[in-house]
Amino acid sequence: IESIEVNNNPYKLKQNQIRPEIYFGTFEARVATTMSRLYNWNFWIAKFYASLPARRFDTAIEAIVSFRSMNHSRSQDELCMPRALFAAKTSRAFPEKGVVFIGVFLPSRNMHAWVIENGTLVDPQDRIWLNFRPVAALC
């Protein structure tokens with residue numbers, strides 16, 4: 001409920017606190033690659049894969065930052081859903097405090113996904129989420 005209220009009133013968002021160095025290993029890189037490939041193939045299979053926990057990061061902020069650093073050469077606009085599902089899968093705090101929002105930019109068919117965890121937009125580089133109207137929330 002809190003995440004929905006914060007999403008509807010973005011001025012209530014808390015500032016995210018990011019540690020400058022976030023470690024990721026080969027396991028995390030494999031999970032991120034698998035998530036991206038599964039999402040490109042089938043959303044429902046990627047969502048199921050995300051539901052199998054692999055909690056490696058304390059918060060979704062750390063997961064998002066590490067996903068971005070693992071996929072720095074690819075266009076991040078195309079990776080919003082795999083990035084959000086990766087954060088949901090690997091964050092220890094997400095099951096209790098996180099929500100993945102899927103939004104649409106009306107009147108077009110453009111879609112975007114973002115994560116709010118503990119009243120904070122977890123992706124420090126996501127600036128376009130405000131343009132999208134939420135149509136689904138995954139907890």
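**Labels and the values behind them**

Guide: Proline 107 lies in the loop between strand 1 and strand 2. The model we are looking at is predicted.

Visitor: What makes the peptide bond between leucine 106 and proline 107 stand out?
Guide: The bond that joins leucine 106 and proline 107 is a cis peptide bond, with omega at about 10°.

Visitor: What is noted about the phi of asparagine 118?
Guide: The phi of asparagine 118 is positive, about 55°, although asparagine 118 is not a glycine. Asparagine 118 sits in the loop between strand 2 and strand 3 (120-121).

Visitor: Why is asparagine 118 called partly exposed?
Guide: The relative accessible area of asparagine 118 is 35%. Buried means under 20% and exposed means over 50%, with partly exposed in between. Asparagine 118, at 35%, is therefore partly exposed.

Visitor: Why is alanine 32 called buried?
Guide: Alanine 32 has a relative accessible area of 2%. The cut-off for buried is under 20%, so alanine 32 is buried. Alanine 32 belongs to helix 2. The C-alpha atoms of alanine 32 and methionine 70 are separated by 7.9 Å, with the two residues 38 residues apart along the chain.

Visitor: Which residues of helix 2 are buried?
Guide: They are Glu28, Val31, Ala32, Met35, Ser36 and Leu38. These buried residues pack against helix 3, helix 4 and helix 5.

Visitor: How do you know that the span of helix 2 is close to what is expected?
Guide: Helix 2 has 16 residues. From its first C-alpha to its last, helix 2 reaches 22 Å, and 22 Å is expected at 1.5 Å a residue.

Visitor: Why is helix 5 described as largely enclosed by the rest of the structure?
Guide: Eleven of the eleven residues of helix 5 are buried, so the label follows from that count. Among them are Cys80, Arg83, Lys89 and Thr90.

Visitor: What makes helix 4 largely enclosed?
Guide: Nine of the eleven residues of helix 4 are buried, so helix 4 is largely enclosed by the rest of the structure. The buried residues of helix 4 include Glu62, Ser66, Phe67 and Arg68. Their cover includes helix 2, helix 5, strand 2 and strand 3.

Visitor: Why are helix 3 and helix 5 called roughly parallel?
Guide: The axes of helix 3 and helix 5 cross at roughly 25° and come within 9 Å. Angles under 35 degrees count as roughly parallel. Helix 3 and helix 5 are therefore roughly parallel to each other.

Visitor: Which residues meet where helix 3 and helix 5 are in contact?
Guide: Phe43, Ala46, Lys47, Tyr49 and Ala50 in helix 3 meet Met81, Leu85 and Lys89 in helix 5. By class, the residues of this contact are six nonpolar, no polar and two charged.

Visitor: What does leucine 85 touch?
Guide: Leaving out residues up to four places away in sequence, leucine 85 touches Met35, Ala46, Lys47, Ala50 and Leu138.

Visitor: Which residues touch the most other members of the largest nonpolar core?
Guide: That core has 29 residues, and those touching the most other members are Met35, Leu85, Phe86, Ala87, Val100, Val115 and Val122. Elements that give two or more residues to this core include helix 2 (26-41), helix 5 (80-90) and strand 1 (98-105). Helix 5 gives the most, with seven residues. A second, separate core has eight residues, including Val99, Phe101, Trp114 and Trp129.

Visitor: How many helices and strands are there in the protein chain?
Guide: The protein chain has six helices and four strands. From the N terminus on, their order is α-α-α-α-α-α-β-β-β-β. Of the 139 residues in the protein chain, 47% are buried.

Methods. Residues numbered from 1 in each chain as written. Predicted model: local features only at pLDDT ≥ 70, side-chain atom pairs only at ≥ 80, totals over all residues. Heavy atoms only, no water. Core = buried A, V, L, I, M, F, W, Y, C linked by side-chain atoms within 4.5 Å. Buried < 20%, exposed > 50% of the residue type's maximum accessible area, 1.4 Å probe, protein only. Contact = heavy atoms within 4.5 Å. Expected span 1.5 Å × (residues − 1). Axes fitted to C-alpha atoms, helices over the stretch in contact; angles between N-to-C directions. Parallel < 35°, antiparallel > 145°, perpendicular 65-115°, else oblique. Nonpolar A, V, L, I, M, F, W, Y, C, P; charged D, E, K, R; others polar.
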